[in-house]
Amino acid sequence: MIFNRQDSKQTILIVDDEPANLRVLKKMLEEQYRLIFAKSGEEALRLVQRELPNLILLDVMMPGMTGFEVCEKLKADPLSKPVPIIFVTALSDEVDEAKGFDVGAVDYITKPVSPAVVKARVRTHLSLVQADDLRRTRLQVIQRLGRASEYKDNETGMHIMRMSHFSKIIALAYGLSEFAADNLLHAAPMHDIGKIGIPDSIMLKPGKLTEEEFTIMKTHPEIGAEILGDSDSDLIALAKVVSLTHHEKFDGSGYPKGLKGEEIPIEGRIVAIADVFDALTSKRPYKEAWTVEQAMDFIESQSGKHFDPELVVLFQQCLPSILYIKQRWQD
């Protein structure tokens with residue numbers, strides 16, 4: 001399977017059995033985009049296998065395979081599923097529109113087409129694709145940096161996975177939106193990225209740290225914040241907040257800033273309890289795993305001290321879901 005991109009322009013596949021319609025759309029779009037054409041559904045499917053476009057303008061009523069059928073096949077293929085499909089059709093019945101959205105189209109343009117409408121819809125949906133791609137790339141960078149930090153720690157990748165999912169569960173219980181909870185799920189793996197900057201003699205020391213060594217260890221939240229820097233990405237900005245605040249304590253005795261109560265961002269408070277619970281209930285070279293009961297007793301004893309009391313209550317309520325995650329991603 002070969003995908004050719006001959007220039008930097010985004011590629012649009014236009015599918016219509018009427019040559020006149022192809023010519024109209026070609027005239028509207030050829031200056032800004034690279035265009036490829038198909039006169040049938042079958043030809044469109046073959047073209048997509050050979051060259052994946054950035055967007056598809058698809059006629060509905062065609063002899064042989066209809067646009068609805070073409071759309072269903074494209075959305076069933078993982079390769080072409082992400083490509084946005086806009087139906088270009090004379091159909092205007094609400095039932096037809098509903099069917100189009102059901103099979104996976106992102107929009108409708110009604111014939112006879114308006115150049116302004118066509119250009120605006122195409123531009124909008126290509127921009128959404130670019131935004132999704134950018135977010136996906138940033139997420140991959142964050143995940144890889146999170147994995148890099150594991151090489152400087154005696155914690156496992158499964159710890160990162162578990163505490164991230166714990167954080168999402170708590171966030172949803174607290175009332176954060178699904179989007180905000182997902183952001184926290186993806187940002188939480190960066191909580192200890194600053195450990196990259198801590199000397200191995202401290203990070204990998206098997207015994208208890210001296211007071212001087214612990215002072216150096218306590219710089220890792222600020223190192224993490226410096227690594228992540230200032231970003232216009234909401235995900236990276238959140239990762240910076242998590243890195244900087246997950247060792248703060250509700251009573252103000254934490255580090256690096258000694259923040260107290262709601263001075264600590266809610267994401268930092270959530271990650272703190274998720275991180276500690278998993279660390280306590282996991283085996284490490286320097287300790288055996290605590291039982292869930294022992295860990296919960298400790299967390300409850302730290303309500304209002306280390307942890308936000310409201311989050312302690314929510315954590316207790318969410319414990320069945322937490323334990324499911326713990327079982328699913330065992331070391």
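Mentor: Start with what packs over a helix. The buried residues of helix H13 are covered by, among others, helix H12 (266–280), helix H14 (309–317) and helix H15 (319–328). Keep in mind that this is a predicted model.

Trainee: Which residues of H13 are buried?

Mentor: To read burial, look at the relative accessible area: under 20% is called buried. In H13, which runs over residues 292–301, that applies to Ala295, Met296 and Ile299. Around the helix axis they cover an arc of only 95°, so they sit on the same side of H13.

Trainee: Which residues of H15 are buried, then?

Mentor: Leu319, Ile322, Ile325 and Lys326 are the buried residues of H15. Looking down the axis, these buried residues fall within an arc of 120°, so they line one face of the helix. Pro320, Tyr324, Gln327 and Arg328 are exposed on the other side of H15.

Trainee: Which residues are buried in helix H3?

Mentor: Helix H3 spans residues 67–76, and its buried residues are Gly67, Phe68, Val70, Cys71, Leu74 and Lys75. Their arc around the axis is only 160°, which puts them on the same side of H3.

Trainee: Now a single residue. Where is Ser167, and is Ser167 buried or exposed?

Mentor: Take the element before the residue. Ser167 belongs to helix H6, residues 157–174. Its relative accessible area is 0%, and because buried means under 20%, Ser167 counts as buried.

Trainee: What is Ser167 in contact with, leaving aside its neighbours within four places in sequence?

Mentor: With those neighbours set aside, Ser167 is in contact with Leu184, Ala188, Ile270, Val271 and Ala274.

Trainee: How do I read a residue in a loop? Where is Lys39, and what does Lys39 touch?

Mentor: Name the elements on either side. Lys39 lies in the loop between strand E2 (34–38) and helix H2 (41–50). Not counting residues up to four places away in sequence, Lys39 touches Asp16, Asp17, Pro19 and Leu22. For a distance, take the C-alpha atoms of Lys39 and Arg23: they are separated by 12 Å, and the two residues are 16 apart along the chain.

Trainee: What about the peptide bonds? Which bond joins Lys111 and Pro112?

Mentor: The general idea is that most peptide bonds are trans. Lys111 and Pro112 are joined by a cis bond, with omega about -5°. Pro112 is in the loop between strand E5 (107–110) and helix H5 (115–150). The bond from Tyr255 to Pro256 is also cis, with omega near 10°, and Pro256 sits in the loop between helix H11 (234–245) and H12.

Trainee: Let us step back to the whole. How many helices and strands does the protein have?

Mentor: There are 15 helices and 5 strands. The radius of gyration is 26 Å, well over the 20 Å that the globule rule gives for 331 residues, so the protein is more spread out than a compact globule. Along the principal axes, the C-alpha atoms fill a box of roughly 80 × 40 × 35 Å.

Conventions
Residues numbered from 1 in each chain as written. Predicted model: local features only at pLDDT ≥ 70, side-chain atom pairs only at ≥ 80, totals over all residues. Heavy atoms only, no water. Helix = DSSP H or I, 4+ residues; strand = E, 2+ residues; numbered from the N terminus. Buried < 20%, exposed > 50% of the residue type's maximum accessible area, 1.4 Å probe, protein only. Contact = heavy atoms within 4.5 Å. Rg over C-alpha atoms; globule rule 2.2 N^0.38 Å. Arc of directions from axis to C-beta.
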